[in-house]
Amino acid sequence: MLAGVRADSDMDAQIRDIVTTELAPTATAADPGGLAAAVYAGGRVTFFNYGFADAASKRPITPDTLFNLASLRKVFEATLVALGSARGELRLDDPVGKYLPELHGDYISRVSIGELVTHTSGLLLPTDHPPWPNERFSRDQFIAMLNAWTPPPGVAPGKQRIYSHAGYVLLQLVLERRYEMPIGALIERRILQPLGMTSTFMPERTEDNRAVLAPAIMQRVVQGYSDQGTPIGPPGNQESYYDFAGTGQMFSSARDLGIFIRACLDGAVIDPELRAALAMTERESFRIDEKIGQAMAWEDVRLDGVTIVDKPGGLNNASAYIGLVPARRFGIVLLANRGEYPHEIARYRILPAIARLYPPPMPIR
């Protein structure tokens, strides 16, 4: 027993050394904002905190500080799709027009739910890439854009991987129509509550793009900064090109996302269907190149015999990352309140280094 405890302690110390060595130089006093990290390994979550949630007030980062998750929200919507598929409530090959008959354009009528969730629909609207549009789009305008959209030569549903924010906005509308419930309530009831994630929110936003959160919760939200250290928006700032409900961002803490990655890695959920859905989202469905494949929101990355399942997210005042190594049951969360945080350090350095501490899984005979 004592030897086992000592081994666990030694492993924890090595992981702390790896993470601290890599993260501390990226979040110094000279860098804008701060960083919260959570590492799940050996059945335990360890937190790392650097810098300030608000530099003006010198409010420090803690495991309970709330950050804008940017595109990490997509992982939760992918889980809703996987869960609906597991429960027989929808099919991945269902065309989007089955749930949104107002979508009747030649191209969009051939796109399926599975293609939206794996970024293989081919959709690429003006809101998906620079130069970023200044316009805001209503729901009716969004539907009209989809109906009118025609692909460039060679693009067809399911035939390529093109990262599409618009595809996930459409996925939100499909899910809301299928379940007759706002997307935030769906995520809350089907994922957050079962997992016990009590500090993850998908708030509405005010006309000035601020999250609608209770004052006590807002006190935990970061001030966002550019990569040059300029404050961008107030705490709780959301960004979106769409002006209809549910198109803002999620907010969460390192502590809550530690619960989420534990559920992804160790099946620490009661509902076996949710456990299966989380695993389903991680499975590659489209090969991008020799190293990277696309799953449901996640990417699967092969590096020196280690498969990493990860998802970055970013805005001009927020950066977020989750990386998992499912075969060896460890993972990391990075949350920064600045744009352009170098999250690649987790994919290419931290996770491979931790993997070297764990023996590879035994082959199945």
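**Entry 1. N317**

I began with N317, which is buried, with a relative accessible area of 5%; I take buried as under 20% relative accessible area, exposed as over 50% and partly exposed as in between, with a 1.4 Å probe and protein chains only. I note that this is a predicted model, in which local features need pLDDT of at least 70 and side-chain atom pairs count only at pLDDT 80 or more, while totals for chains, interfaces and linings use all residues. Residues are numbered from 1 along each chain as its sequence is written, and side-chain values use heavy atoms, with hydrogens and water left out.

I located N317 in the loop between β9 and β10. Helices (H or I, at least four residues) and strands (E, at least two) are DSSP runs, numbered from the N terminus. Which side chain does N317 join in a polar contact of 2.9 Å? I found the side chain of N237. A polar atom of the N317 side chain also lies 3.2 Å from the backbone oxygen of I232. For polar contacts I used N or O atoms within 3.5 Å; within protein, one must be able to donate a hydrogen and the other to accept it, and residues adjacent in sequence count only if both atoms are side-chain atoms.

I then listed the contacts of N317, with heavy atoms within 4.5 Å as the criterion. Leaving aside neighbours within four places in sequence, N317 is in contact with G224, Y225, I232, N237, E239, N337, R338 and G339.

I next examined strand β11 (residues 330-336), where 7 of the 7 residues are buried, so the strand is largely enclosed by the rest of the structure. I checked each side in turn: F330, I332, L334 and A336 are buried on one face, and G331, V333 and L335 are buried on the other.

Which strands pair with β11? I counted strands as paired if DSSP finds at least two bridges between them. Strand β1 (residues 34-41) runs antiparallel to β11 and is joined to it by 6 bridges. Strand β10 (residues 318-325) is also antiparallel to β11, over 7 bridges. I traced A336 in both pairings: A336 is the bridge partner of L35, and A336 is likewise the bridge partner of S319.

I recorded β10 and β11 as a hairpin with 4 residues between them. In that turn, R329 has a positive phi of about 60 degrees.

**Entry 2. Salt bridges**

I looked up the salt bridges, defined as a side-chain nitrogen of Lys or Arg within 4 Å of a carboxyl oxygen of Asp or Glu. The structure holds 18 of them, and I inspected several.

R73 and E77 form a salt bridge with their closest N and O atoms 2.8 Å apart. The two residues are 4 apart in helix α2 (residues 73-86), so about one helical turn separates them. E77 counts as buried at 2% relative accessibility, and R73 counts as buried at 8%.

The closest N and O atoms of R110 and D106 are 4.0 Å apart.

R347 and D310 meet through their side chains in a salt bridge of 2.7 Å, N to O. This pair links distant parts of the chain, with R347 in helix α10 (residues 344-355) and D310 in strand β9 (residues 306-315), 37 residues apart. I noted that both R347 and D310 are buried. Salt bridges with shared partners join R161, E299, D310 and R347 into one network.

**Entry 3. Aromatic rings**

I found 7 aromatic pairs in the structure. Rings of Phe, Tyr and Trp (its six-membered ring) pair if their centres lie within 6.5 Å; planes under 30 degrees apart count as stacked, over 60 as edge-to-face and the rest as tilted.

The ring centres of F142 and F244 are 6.1 Å apart and the planes stand at 35 degrees, so this pair is tilted. F142 lies in helix α4 (residues 139-148) and F244 in the loop between α7 (215-218) and β5 (251-252), so the pair ties together parts 102 residues apart in sequence. Both F142 and F244 are buried.

I also recorded Y242 with F244 as a tilted pair, 5.8 Å centre to centre and 55 degrees between the planes. Y242 is buried as well. Ring pairs link F137, F142, Y242 and F244 into a cluster.
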